[in-house]
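Hi there,

Here is the structure I promised to pass on to you. Have a look at it first, and then read my notes below.

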Amino acid sequence: MATYRLNGDSELIDNPSPRCACMLVLDTSASMFGPPIRELNAGVQAFISAIQEDDMAACSVELGVITAGGKVTEQLPFTTAMNISQCRQFSASGLTPLGGAMELALDRLEERTAAYRKAGVAYYQPWLVVISDGVPTDQWQAASVRARTLAQQRKLVVMPVGVEEADLEALSAFSTRPAKRLEGLKFREFFLWLSASMSRVSASSSTTDQVKLPPTDSWDSI
């Protein structure tokens, strides 16, 4: 059973570390059944564990998870990494309502950054990571324009990742950077790269500095 201590205004006061919000939008549709969903689950858990091993990142990184598998589900509201005891296991089923999942993700990111400002807590540019092995099965174009515009305004980092036969062109529409294709099922390698990136961001001396990210060759097939 997954347990979380949800973040509120009091938590922002008790832990005044600059925040880095990281939202994961995960395709858990039926095509992910079998080894892909198992490796995805293992990768997300490895990500959380790696973040928690870095004291600074554990206090700064806030993780949210939304899945798109048959329906849009908010699996984890934004929670500081050090307060996550375990992440629930995802199952694969249904179609891929990625547009709806991205709209909800963008809403949650907007709400969270507003809470930081209200509490007077500094924050780094938020991240939105979207992982899919196919193509959205709902209306997704409006969400892609919204995400891409925020990325162009440097208000959001959007990282699209395609698995197996994913439509990289559709995923790239959500970002100012082209989608990268995961090599095989290297979810663990990707999430360890993501945790290293989050550690670099949270260790930055300024919330406005450009941060040099680790190379992606451990998981990127391109």
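**What is in the core**

The largest nonpolar core has 38 residues, and those touching the most other members are Leu24, Trp127, Phe190, Phe191 and Leu194. At least two residues of this core come from each of strand S1 (20-27), helix H2 (35-52), strand S2 (61-69), strand S4 (127-132), strand S5 (157-162) and helix H7 (187-202). H7 gives the largest share, 7 residues. Another core lies apart from it, with 28 residues, among them Ala68, Leu104, Leu156 and Leu168.

A few terms: a nonpolar core is a set of buried Ala, Val, Leu, Ile, Met, Phe, Trp, Tyr and Cys residues joined through side-chain atoms within 4.5 Å. Buried means under 20% relative accessible area, exposed over 50%, and partly exposed in between (1.4 Å probe, protein chains only). Helices (H or I, at least four residues) and strands (E, at least two) are DSSP runs, numbered from the N terminus.

Please keep in mind that this is a predicted model, where local features need pLDDT of at least 70 and side-chain atom pairs count only at pLDDT 80 or more, while totals for chains, interfaces and linings use all residues. Residues are numbered from 1 along each chain as its sequence is written, and side-chain values use heavy atoms, with hydrogens and water left out.

Which residues does Leu24 touch, not counting residues up to four places away in sequence? They are Val44, Phe47, Leu63, Gly64, Val65, Ile66, Val129, Phe191 and Leu194 (contact means heavy atoms within 4.5 Å).

Ser175 sits in the loop between helix H6 (168-172) and strand S6 (180-181). Ser175 counts as buried because its relative accessibility is 1%. Its side chain reaches the backbone oxygen of Val158 at 2.8 Å. Leaving aside neighbours within four places in sequence, Ser175 is in contact with Arg148, Val158 and Pro160.

Arg154 belongs to the loop between H5 and S5. This residue is not a glycine, although it has a positive phi of about 60°. Is Arg154 buried or exposed? Arg154 counts as exposed, because its relative accessibility is 59%.

Glu164 is in the loop between S5 and H6. Phi of Glu164 is also positive, near 50°, in a residue other than glycine. With a relative accessible area of 38%, Glu164 is partly exposed.

Happy exploring!

Terms used:
A polar contact is a pair of N or O atoms within 3.5 Å; within protein, one must be able to donate a hydrogen and the other to accept it, and residues adjacent in sequence count only if both atoms are side-chain atoms.
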